[in-house]
Structure formats: structure tokens, C-alpha cells
Amino acid sequence: MRVPRVLIIITVAMLVANSARGASIPGEIPFKLAQGFGIVVRGGIGPLTNLNFLVDTGAVPSVLSERAAARIGVTGVDGSFALLHEQVQAAYITVDEVRLGPIRVLHLPMAVIDLSRFNRLLGTRIDAIVGLDVFARQSFSIDYKRGKITLGLSGLTRHVLPVEIYALWGAPYWVLPISLGGDNFRVLLDTGANDVALFAARIPNLDLEGEVRSTASPTGEVTARPLRALRLVIGDMVLNKQLAVVLDEPPGAFQGMDGLLGPTAVRLSRIEFDWEHKCLRWDTE
């Protein structure tokens with residue numbers, strides 16, 4: 001994928017505001033959980049306000065819908081964009097500003113693609129998909145129970161695991177080491193997915209069980225072949241009967257990984273991105 005070289009200037013500002021019903025917590029961003037896994041928040045891009053953003057830690061770079069791009073009136077450089085199961089045509093642009101709660105990102109590169117598949121999958125309009133490039137390497141937490149994204153760390157999480165962080169096209173991927181069925185894998189931490197999924201070529205002995213089905217992924221719905229329940233180990237957390245699926249080999253950047261892991265698939269109630277120590281911290285239900 002070819003991406004224009006641009007200067008990314010990121011400014012993070014803390015928002016302190018009082019509502020008529022009481023004081024809000026600085027740095028806290030409310031979200032709605034779509035279909036039990038999709039984190040949807042309100043934000044703005046350029047002159048547009050009240051947009052729906054899907055927070056997807058597997059999205060690199062962040063993505064703008066064709067509809068929103070047409071409203072802004074931006075044009076860019078044509079290229080291709082790697083979805084989980086295919087390459088699609090995209091336009092690469094730079095938006096003046098992205099606003100998400102207290103976060104302001106200036107001059108952010110984005111890919112413009114058709115997001116109608118996400119609208120159908122999540123049952124709501126998605127105007128943009130924002131990845132970790134928007135969070136500017138700032139530690140933050142996602143609390144699934146409270147429906148809040150909070151800047152900073154709580155200091156209360158029970159589990160912690162060092163991660164590998166890769167920069168790709170100016171944006172980071174977080175990759176977790178896991179063990180599934182006694183085999184070790186490196187999987188992308190992906191809030192835009194609702195499964196533990198492995199790529200077919202990474203599994204030496206497939207032990208499939210059940211019918212082929214569709215599963216939610218960073219690109220909408222893809223065909224998945226279920227594995228029998230296996231023992232999953234993530235750091236010091238052990239799940240003895242974890243369901244997982246097998247996906248076909250993906251194109252592009254995903255080829256350097258063994259699969260992906262959606263936090264809701266392993267019943268995580270809160271996840272925290274500790275940039276300083278390069279650790280994922282979490283609690284379970």
C-alpha cells in the first residue's frame with residue numbers, strides 16, 4: 001500500500017467541562033457497544049460534528065467513509081487498502097482535524113473506503129474507523145461494563161502482559177503472545193473483532209468442529225471455520241474451553257501475524273493500554 005508522506009502533528013488536550021446535571025470526569029469518553037463488541041463513540045472531523053466513530057485497534061491507518069469524505073470535500077491519492085480478506089480501492093487523504101472527546105489530532109492521514117458493510121454489521125451508521133494513531137501513544141483504558149474510554153491508567157487491573165508494538169504506516173499495532181491448545185501464537189489485539197481467530201496457514205493441525213459460519217472482523221463479515229474448544233493462555237489468565245475460529249490467510253500487513261483476538265471474545269471487562277511499559281492490563285467479568 002502506498003501512503004503519501006505527510007507530517008503528523010498530534011495534540012492531545014484535556015477537556016474540563018461541567019454539564020447541567022453535574023461535573024463530568026476530565027478525559028472520559030462515553031461509548032455504546034454495538035452488537036456486543038463494537039465500540040462506537042461520537043466525534044468530529046474537520047467541519048463535521050456528531051459523527052459515529054468505531055474504535056478499532058486493528059485499523060491502520062484510520063478510515064473515513066466515502067459519505068463523510070464527500071461532505072468534507074476532500075480528495076486524495078488513489079491506492080489500495082488491505083482488509084482482512086481482500087484488497088480494496090481507497091483514496092488516501094489528510095484531514096485537518098479529528099476530535100474525539102478531549103483528543104485533538106491535527107493533519108491525520110486517513111484512507112477513504114466504503115463503510116456500508118460496517119453499517120449493516122453493527123446496525124448503526126459508521127462515519128469513520130479510528131485506530132491507535134488517534135490516541136497518540138497515550139495510555140488509556142476501555143471499560144466495557146461502564147461504557148467509558150478514559151485517558152490514563154486506573155492502577156486497579158489484575159492482569160498484565162508485555163506486548164509487541166509495531167509501527168505500520170505511521171500507526172501502531174499491538175500484538176499479544178498467547179497459547180491455544182498448547183501451541184504459541186502472536187495475535188493482533190483488535191477491538192473491532194468479536195472472536196479469537198487464527199489464520200489457516202499458521203495452524204499445523206486443524207481440528208475443526210461445526211459448520212462454516214460468518215464472523216465479525218475488522219472488515220465486516222468473513223467466512224470462519226470453528227475449532228473445537230481449546231485451552232487458551234494469555235499471560236497469567238487461563239481459559240480451559242475457549243472457542244476459536246480459523247480464517248483464510250489475509251493479504252498485506254496481517255501476514256506478519258498468526259491471527260487476531262477480540263477482547264469481548266475472552267470476556268475482558270476492561271483493557272488498558274500502558275504505552276510507557278508496553279503492557280496490556282486487563283480485568284475479566
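**A close look at the loops and strands**

Mentor: Let's start with Gln 35, which counts as exposed because its relative accessibility is 52%, over the 50% mark. Keep in mind that this is a predicted model. You'll find Gln 35 in the loop between strand S5 (32–34) and strand S6 (38–45). Look at its backbone too: Gln 35 isn't a glycine, and yet its phi is positive, about 55 degrees.

Now hop along to Asn 50, which sits in strand S7. Asn 50 isn't a glycine either, but has a positive phi of about 55 degrees. With a relative accessibility of 53%, Asn 50 counts as exposed.

Next comes the loop between strand S7 (48–55) and strand S8 (63–65), where you'll spot Val 60. Is Val 60 buried or exposed? Val 60 is buried, because its relative accessible area is 4% and the cut-off for buried is under 20%. Pro 61 is in the loop between S7 and S8 as well, and the peptide bond joining Val 60 and Pro 61 is cis, with omega at about -10 degrees. Val 60 also takes us to another part of the chain: its C-alpha atom is 7.7 Å from that of Tyr 173, although the two residues are 113 apart along the chain.

That brings us to strand S17 (residues 171–180), which pairs with strand S18 (residues 183–189) in the antiparallel sense over six bridges. Across this pair, Val 175 stands opposite Leu 188 in S18. The hairpin of S17 and S18 has two residues between the strands, and Gly 181 there takes a positive phi near 65 degrees. S18 also runs parallel to strand S25 (residues 259–261), joined by three bridges. Here Leu 189 faces Leu 261 in S25.

Finally, find the open sheet of six strands, ordered S4-S14-S13-S26-S27-S15 with antiparallel pairing. At its edges stand strand S4 (28–30) and strand S15 (159–162); each has a single partner strand, so one side of each is left without a neighbour in the sheet. Ignoring direction, neighbouring strands of this sheet are turned by 15 degrees against each other on average. Leu 161 has Leu 280 in S27 as its bridge partner. As you trace strands like these, remember that side chains in a regular strand alternate between the two faces of the sheet.

Terms used
Residues are numbered from 1 along each chain as its sequence is written. This is a predicted model: local features need pLDDT of at least 70, side-chain atom pairs count only at pLDDT 80 or more; totals for chains, interfaces and linings use all residues. Side-chain values use heavy atoms; hydrogens and water are left out. Helices (H or I, at least four residues) and strands (E, at least two) are DSSP runs, numbered from the N terminus. Buried means under 20% relative accessible area, exposed over 50%, partly exposed in between (1.4 Å probe, protein chains only). Two strands pair if DSSP finds at least two bridges between them. Axes are lines fitted to C-alpha atoms, for helices over the stretch in contact, and angles run from 0 to 180 degrees between N-to-C directions.
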